[in-house]
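Thanks for coming. Please have a look at it first.

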Amino acid sequence: MTAPAPLKGVHHVAYRCKDAKETVEFYREALGMDFQLAIAEDKVPSTGAHDPYMHVFLDAGNGNVLAFFELPTQPDMDRDRNTPQWVQHIAFRVGSMDELMATKAHLEDMGLDVLGPTHHGIFKSIYFFDPNGHRIELAADIGTPEQMAQLKDVAQPMIEEWSATKKAPRHAAWLHEKIADES
């Protein structure tokens, strides 16, 4: 059996947007992302289908790229109504709690509703929505290497138990106890 090529990171992640220009301006102003490039075609290269689009690419830091498609001839975009709004989101890492809180203040100054910070044990995060209805999370890591190793050690047993029972395993209950102790 052949092996897959070793991955070198995420090339880009693409989502749909309502308005490419508005989306670029939002991510520039809200998160300081640099607008890298735009590609526009009348035909989809991979399928040959006639479906005009504008594809924009924004620098999310460390070689990560967030991209959007504006599709003017398609029905209005909507979210997956069978999935709770909090589930599908785009999460970005910031360097510290100070940066997280400064960004929260900046976003609120822009008039955005920002939830958090929410304590997840190994990181704290804030949440808000972009103009397209995509939920955005900014996270500041606070976990120790030991905590991360502990979580990796229980990852496989947790997924196995979840798969068999569909009930939350308690292998990492210490994480939530840590949150309660700090509250």
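**Rings, sheet and helix**

Arg135 lies over the face of Tyr127, at 4.0 Å from the ring centre. A charge counts as over a ring if NZ of Lys or CZ of Arg is within 6 Å of the ring centre and within 35 degrees of the ring normal.

Before the rest, the ground rules. This is a predicted model, where local features need pLDDT of at least 70, side-chain atom pairs count only at pLDDT 80 or more, and totals for chains, interfaces and linings use all residues. Residues are numbered from 1 along each chain as its sequence is written, and side-chain values use heavy atoms, with hydrogens and water left out.

Now the sheet. It is open, has four strands in the order β1-β4-β3-β2, and its pairing is mixed. At the edges are β1 (13-17) and β2 (34-43), each pairing on one side only. On average, neighbouring strands of this sheet are turned by 25° against each other, direction ignored. Helices (H or I, at least four residues) and strands (E, at least two) are DSSP runs, numbered from the N terminus; two strands pair if DSSP finds at least two bridges between them. Axes are lines fitted to C-alpha atoms, for helices over the stretch in contact, and angles run from 0 to 180 degrees between N-to-C directions.

Seven bridges join β3 (residues 50-61) to β4 (residues 64-70) in the antiparallel sense. His55 has Phe69 in β4 as its bridge partner.

Next, the helix. Across β1, β2, β3 and β4 lies α1 (residues 20-31), running at about 5° to β3; contact means heavy atoms within 4.5 Å.

How many aromatic pairs does the structure hold? There are four. Rings of Phe, Tyr and Trp (its six-membered ring) pair if their centres lie within 6.5 Å; planes under 30 degrees apart count as stacked, over 60 as edge-to-face and the rest as tilted. Tyr27 and Phe68 make a tilted pair, 5.3 Å centre to centre with 35° between the planes. This pair links helix α1 to strand β4, 41 residues apart. Both Tyr27 and Phe68 are buried, where buried means under 20% relative accessible area, exposed over 50%, and partly exposed in between (1.4 Å probe, protein chains only).

Tyr53 and Phe69 are edge-to-face, because their ring centres are 5.4 Å apart and their planes at 70°. Tyr53 is buried at 10% relative accessible area, whereas Phe69 is partly exposed at 26%.

Finally, ring pairs link Tyr15, Phe26, Tyr27 and Phe68 into a cluster.
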